[in-house]
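Open the model in a viewer and keep the selection panel at hand. The stops below say what to select next and what is there.

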Amino acid sequence: EDPRLEKYFNKATGSDATSIINYKGTYKGIRQGTGFNHQNYNGHSKSTITQQTDAILMTPAEIWFLRAEAALRGWSSESVKDCYEKGVKASFAQWGVAGAEAYLESEKKPADYIDAFKAENNVKAVNTLTPKWDDAASNEDKLGRIITQKWLAMYPEGGEAWAEQRRTGYPKLFPVANNFSATVDGGIANGEFVKRLRFPRNDRNTNAAEVEKARGLLNGPDNEG
């Protein structure tokens, strides 16, 4: 029920008659790693972002969340709560959405995922953090709140959102439905996500000695895990 949803996505058309739930007119997505070769999900929500949408590089919201994390880590004397709440408000203002104050008082938690076509893809919510700040929470939960809201505010800059998620582990995300990488060179463990990219083939072919040196710094195999 994030008020920014209407700015991020269009509502689902729900045109496929084979669905097991009625999702027409809702904001409906697909669980990552589902893997399918049909077009049943075509009626799901689509991004409002187009090739004509201005690129987002760094926003006031991101700055406030950086300051919140810095204060949490003791790098400044600012109020963590104040920076966090200003970050949320800046994101709402950026998208021209009302309701930031009510959102910051919300104790609602992320919802479970219900697949419209295949119940085996259903999964319980793994993120239990609410938008409302909790001064009594642990520093880990405080960091989780900051990065979860930062991740939401970064839309549609997915590359940077991924960098935050692999740096901090937040927000907690649904595990991929089908992890086909676990048996490939150690791959990515179940419940984990892509942390890096392998050294590219061109570098391995043209600069092999230096790639081998770099591999030695990984303390593990050269894979996405």
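Select Trp 95, which sits in helix α3; helices (H or I, at least four residues) and strands (E, at least two) are DSSP runs, numbered from the N terminus. This is a predicted model, in which local features need pLDDT of at least 70 and side-chain atom pairs count only at pLDDT 80 or more, while totals for chains, interfaces and linings use all residues. Residues are numbered from 1 along each chain as its sequence is written, and side-chain values use heavy atoms, with hydrogens and water left out.

Is Trp 95 buried or exposed? Its relative accessible area is 16%, so Trp 95 is buried (buried means under 20% relative accessible area, exposed over 50%, partly exposed in between, with a 1.4 Å probe and protein chains only). Now show its surroundings. Leaving aside neighbours within four places in sequence, Trp 95 is in contact with Lys 7, Tyr 8, Ile 49, Ile 56 and Tyr 155, where contact means heavy atoms within 4.5 Å. For a distance label, pick the C-alpha atoms of Trp 95 and Asn 10: they are 15 Å apart in space and 85 residues apart in sequence.

**Aromatic rings**

A pair of aromatic rings is described by the distance of the centres and the angle of the planes. Rings of Phe, Tyr and Trp (its six-membered ring) pair if their centres lie within 6.5 Å; planes under 30 degrees apart count as stacked, over 60 as edge-to-face and the rest as tilted. The whole structure holds 11 aromatic pairs. One of them joins Tyr 8 and Trp 95, edge-to-face, with 5.0 Å centre to centre and 70° between the planes. This pair links distant parts of the chain, as Tyr 8 is in helix α1 (residues 5–8) and Trp 95 in helix α3, 87 residues apart. Tyr 8 has 6% relative accessibility and therefore counts as buried.

Next, select Phe 36 and Tyr 41. Their rings form a tilted pair, 4.7 Å centre to centre and with 55° between the planes. Phe 36, at 41% relative accessibility, counts as partly exposed, whereas Tyr 41, at 6%, counts as buried.

**Two cis peptide bonds**

From Tyr 155, step on to Pro 156. The peptide bond between Tyr 155 and Pro 156 is cis, with omega near 10°. Pro 156 lies in the loop between α5 and α6 (158–168). Then go to Tyr 170 and Pro 171, where the peptide bond is also cis, with omega near -5°. Pro 171 is placed in the loop between α6 and α7 (201–206).

**Helices α2 and α5**

Which angle do α2 and α5 make where they pack? Select residues 60–72 for α2 and 139–153 for α5: the angle is about 170° and the axes are 10 Å apart. Axes are lines fitted to C-alpha atoms, for helices over the stretch in contact, and angles run from 0 to 180 degrees between N-to-C directions. The two helices are therefore roughly antiparallel to each other (angles under 35 degrees count as roughly parallel, over 145 as roughly antiparallel, 65 to 115 as roughly perpendicular and the rest as oblique). On the α2 side, the contact residues include Phe 65, Leu 66 and Leu 72, and on the α5 side they include Leu 143, Ile 146 and Ile 147.

**Two exposed residues**

Select Leu 57, in the loop between α1 and α2. Leu 57 counts as exposed, at 70% relative accessibility. Not counting residues up to four places away in sequence, Leu 57 touches Glu 62 and Glu 160.

End at Asn 219, in the segment after α8 (208–215). Its phi is near 55°, a positive value in a residue other than glycine. Asn 219 is exposed, with a relative accessible area of 77%.
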